Amino acid sequence: MKSQPRLIDRILQYRVPSHILFWVFLLGTFSLSAFLSTGTLNHFYNNIAMLPAQLAAAYFLNYYQVPKLLFKKRYGAFALSLFLSIYLLAVIARCTVVYIAEPLFREDFTQESLWEILWDVPYLFAVYFPAVYMYALIMLIIKTIKKRFEEKHEIEVLYKEKAKNELKFLKAQIQPHFLFNTLNNLYALTLSKSDLAPQVVLKLSELLDFILYQSDEPTIPVEKEIELIQGFLDLESLRYGDDLDLIFEHSVDEPSTPIAPLLLLPLVENAFKHGSSGSPENAKIHIHLLVQSQKLSFSVFNSKPEGIEMNNGNSGIGIANLRRQLELNYPNQYELEAKDAQDSYWVKLSIDLQ
């Protein structure tokens with residue numbers, strides 16, 4: 001069952017609620033801190049009075065000055081704009097404090113005139129500039145961090161999409177490669193007018209149904225991969241009959257253990273291609289599969305005519321394809337080793353399926 005997103009995650013999906021949450025949180029935090037240290041609501045009144053100037057500073061800086069001027073390398077315009085906005089917003093903040101907030105908690109004091117406020121530039125920049133732009137700088141930091149996370153997320157999404165498309169391409173390669181090999185076998189049977197040809201067509205139809213329509217999922221139960229291998233072996237057995245010493249042993253503690261599809265078949269195909277093709281008499285192909293505690297061990301042994309080079313498992317489209325699929329599906333979680341002797345070839349694949 002798909003879990004519902006948390007309340008905070010749903011709020012952050014929407015800009016207006018998240019911005020309201022930002023301002024309420026900061027205003028509440030700083031006001032509560034001031035109240036606990038002074039025991040009065042004076043700072044709360046001041047914060048409320050300065051809020052319009054703080055809002056203007058935060059959004060003007062983050063949505064115009066920085067992206068439209070600073071990031072566009074219009075440094076002169078940015079500096080002039082920043083200086084003027086600091087001065088004007090500091091004046092507005094000072095006016096709202098003097099004429100709105102302070103009368104609520106001060107008695108018998110003389111209010112500064114607008115002229116006095118306008119000309120007290122050092123006080124405006126020393127006291128009201130930090131107060132007004134504090135929230136703007138916090139917002140800038142949050143936006144910068146958020147942008148970095150979004151960029152990183154986009155890169156990860158693009159990488160995963162690229163890997164997904166590459167996997168689709170690799171699986172698409174397996175289909176014509178497998179079909180080409182099987183059609184060659186079918187062609188040989190038809191030339192000899194063998195009665196096995198119809199059975200080969202039926203087996204081929206079953207295997208193609210799996211490869212074309214059931215292997216698009218990221219993972220399949222390992223029992224499905226075993227069925228695919230067994231179907232391929234049945235197909236080859238129809239061709240070679242009793243001339244081939246074929247063994248397929250498998251032991252799986254949990255048949256539903258997930259595995260990326262079409263990983264093991266290339267090794268089996270490779271064994272038939274180089275071990276039995278052309279000289280099935282006395283040929284041996286022994287296959288062993290063990291899956292235990294989500295650890296897979298798959299080994300394939302085949303005899304081969306002298307002089308045939310297997311190139312340590314790198315020969316053919318299938319094996320090269322397999323190595324790339326392993327890198328994409330199980331990076332740093334697999335080992336593929338091979339031993340190429342004069343009259344035999346052995347390859348072992350180990351995968352941590354966790």
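Modeller: Let's begin in helix α10, where Arg324 and Glu327 sit 3 residues apart, so about one helical turn separates them. Their side chains meet in a salt bridge, with 2.9 Å from N to O. Arg324 counts as partly exposed because its relative accessibility is 28%. Glu327 is partly exposed too, with a relative accessible area of 39%. Please keep in mind that this is a predicted model.

How many salt bridges does a search of the whole structure find? The search gives 3. One of them joins Asp340 to Lys304, and the closest N and O atoms there are 2.4 Å apart. Asp340 belongs to strand β6 while Lys304 lies in the loop between β5 and α10, so this pair ties together parts that are 36 residues apart in sequence. Is Lys304 buried or exposed? Lys304 counts as buried, because its relative accessibility is 7% and the limit for buried is under 20%.

Another salt bridge links Lys295 with Asp352, where the closest N and O atoms are 3.1 Å apart. Here Lys295 comes from strand β5 and Asp352 from strand β7 (residues 344-352), so the contact ties together parts that are 57 residues apart in sequence. Both ends are partly exposed: Lys295 has a relative accessible area of 41%, and Asp352 has 22%.

Along the sequence, Leu290 and Ser350 are 60 residues apart, yet their C-alpha atoms are 9.6 Å apart in space.

Now for two residues in loops. Gln294 is found in the loop between β4 (283-292) and β5 (295-303). Its phi is near 60 degrees, a positive value in a residue other than glycine. With a relative accessible area of 31%, Gln294 is partly exposed. The loop between α10 (316-329) and β6 (334-340) holds Asn332. Asn332 also is not a glycine, and it has a positive phi of about 60 degrees. Asn332 is exposed, because its relative accessible area is 82% and exposed means over 50%.

From here we can turn to the aromatic residues. A pair of aromatic rings is described by the distance of the centres and the angle of the planes. Searching the whole structure turns up 7 aromatic pairs. Among them are Phe60 and Tyr64, whose ring centres are 5.4 Å apart with planes at 15 degrees, so the pair is stacked. These two residues are 4 apart in helix α3 (residues 42-70), so about one helical turn separates them. Phe60 is partly exposed, with 34% relative accessible area, and Tyr64 counts as partly exposed at 36% relative accessibility.

What sort of pair do Trp115 and Trp119 make? Their ring centres are 5.6 Å apart and their planes lie at 55 degrees, so the pair is tilted. Trp115 and Trp119 are 4 residues apart in helix α5 (residues 114-119), which puts about one helical turn between them. Trp115 counts as exposed at 60% relative accessibility, and Trp119 is exposed with a relative accessible area of 59%.

Two surface patches complete the tour. Leu80, Phe83, Leu84 and Leu88 make a nonpolar patch of about 400 Å². Within this group, Leu84 has its place in helix α4 (residues 75-105) and is partly exposed, with a relative accessible area of 42%. The other patch carries negative charge: Glu223, Glu227, Asp253 and Glu254 gather there on the surface. Glu223 lies in helix α8 (residues 222-240) and counts as partly exposed at 36% relative accessibility.

To return to where we began, the salt bridge between Arg324 and Glu327 lies in helix α10 with about one helical turn between its residues, whereas Lys295 and Asp352 tie together strands β5 and β7.

Conventions:
Residues are numbered from 1 along each chain as its sequence is written. This is a predicted model: local features need pLDDT of at least 70, side-chain atom pairs count only at pLDDT 80 or more; totals for chains, interfaces and linings use all residues. Side-chain values use heavy atoms; hydrogens and water are left out. Patches are made of residues with over 30% relative accessible area and no salt bridge: like charges are joined within 9 Å, nonpolar side chains (Val, Leu, Ile, Met, Phe, Trp, Tyr) within 5 Å. Accessible areas come from the Shrake-Rupley method with a 1.4 Å probe; for residues, only the protein chains shown count as cover. A salt bridge is a side-chain nitrogen of Lys or Arg within 4 Å of a carboxyl oxygen of Asp or Glu. Lys and Arg count as positive and Asp and Glu as negative; His and the chain ends are not counted. The place of a charge is taken as NZ of Lys, CZ of Arg, CG of Asp or CD of Glu. Buried means under 20% relative accessible area, exposed over 50%, partly exposed in between (1.4 Å probe, protein chains only). Rings of Phe, Tyr and Trp (its six-membered ring) pair if their centres lie within 6.5 Å; planes under 30 degrees apart count as stacked, over 60 as edge-to-face and the rest as tilted.
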